[in-house]
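I opened a new structure today and kept notes as I went. Here is what I looked up, in the order I got to it.

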Amino acid sequence: MKRAIPVVALSIAGLIPVWRYEPSIGGTTSTTAEPATTPSASTTAASGTVVKGTTITTDKGPVQVQVTFSGDKISAVKMLQQPDHPQTTAAVPVLISETLKAQSADIDTVSGATITSDAYKKSLQAAIDENEKSASASPSPSASASASASASASAASKVVAGSTVNTDKGPVQVQVTFSGDKISAVKMLQQPNHPQTTAAVPVLISETLKAQSADIDTVSGATITSDGYKESLQAAIDAKG
């Protein structure tokens, strides 16, 4: 069983910080039942997300809290409705202080203000549940931006491997990167291990980037490699569509 916090000792003026506490005004000791409200999230401000908890009707009067969240953390709690009673007035700062420490509605009931304490915790839990629900339904801005950037990059660039062309010198295969319809890069995946091929490849790639097609000149002294390169390059262009 949870311990009860004595309200008398904690209600002495000056011992309890009440800078977060704003009691409601007016007589609310009536026992007339009021319709319960559902928790609702306010607009996200610079200070965080503000959520109103459910209004809990008690024998002492309605109780409702408003919670400010900084991400998943409870940064502030404000009373929107509370019974106009000395024990409630003394208990509320204690409840708020305990909430900020526990970061949940799993807090002790204040002795002498059991009804208010129980209603406070119910309204608080409703606000916490609503914040978690809203957070899970809406991806974070950074996640959305990252997904958008990835999608844009994927749409802008496409890598296509051309067919492998077997030649008397060895296999030739190119890989082409397209930025939209433009050839932005060409990479050799396979090529003959021959000095003339090694010298010819940079020339073939340079000409491809200039021509933006496979309609390029054969490199003198590397005719076989050049023809294999152009065939694989054309296959990549055709596969890109």
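**Strand 10 and its glutamines**

I started with Gln 175, which lies in strand 10; helices (H or I, at least four residues) and strands (E, at least two) are DSSP runs, numbered from the N terminus. Before going on, I noted that this is a predicted model, where local features need pLDDT of at least 70 and side-chain atom pairs count only at pLDDT 80 or more, while totals for chains, interfaces and linings use all residues. I also noted that residues are numbered from 1 along each chain as its sequence is written, and that side-chain values use heavy atoms, with hydrogens and water left out.

I listed what Gln 175 touches, leaving out residues up to four places away in sequence: Val 159, Val 160, Ala 161, Ala 185, Val 186, Lys 187 and Leu 189. Contact here means heavy atoms within 4.5 Å. Ser 163 is 12 residues from Gln 175 along the chain, and their C-alpha atoms are separated by 9.1 Å.

Gln 173 is in strand 10 too, which covers residues 170-179. Gln 173 counts as buried because its relative accessibility is 14%. Beyond four places in sequence, I found Gln 173 touching residues including Ala 161, Lys 187, Leu 189 and Ser 232. I also checked Ala 235: Gln 173 and Ala 235 are 62 residues apart in sequence, yet 9.9 Å apart in space, C-alpha to C-alpha.

**Helix 5 against helix 6**

How do helix 5 and helix 6 pack? I got an angle of about 40°, with the axes of helix 5 and helix 6 10 Å apart. Axes are lines fitted to C-alpha atoms, for helices over the stretch in contact, and angles run from 0 to 180 degrees between N-to-C directions. Helix 5 and helix 6 are therefore oblique to each other (under 35 degrees is roughly parallel, over 145 roughly antiparallel, 65 to 115 roughly perpendicular, and the rest oblique).

Thr 197, Leu 204, Ile 205 and Thr 208 in helix 5 meet Thr 225, Ser 226, Tyr 229 and Leu 233 in helix 6. I sorted the residues of this contact into four nonpolar, four polar and no charged. For that, Ala, Val, Leu, Ile, Met, Phe, Trp, Tyr, Cys and Pro count as nonpolar, Asp, Glu, Lys and Arg as charged, and the others, Gly among them, as polar.

**Two loop glutamines**

Gln 212 lies in the loop between helix 5 (195-211) and helix 6 (223-240). Gln 212 has a positive phi of about 60°, although it is not a glycine. Gln 103 also has a positive phi of about 60° without being a glycine. I found Gln 103 in the loop between helix 2 and strand 7 (110-111).

**Cores**

The largest nonpolar core has 23 residues, and Val 65, Val 67, Tyr 120 and Leu 124 touch the most other members. A nonpolar core is a set of buried Ala, Val, Leu, Ile, Met, Phe, Trp, Tyr and Cys residues joined through side-chain atoms within 4.5 Å. Apart from it lies another core, of 19 residues, among them Val 172, Val 186, Tyr 229 and Ala 236.

Methods: Buried means under 20% relative accessible area, exposed over 50%, partly exposed in between (1.4 Å probe, protein chains only).
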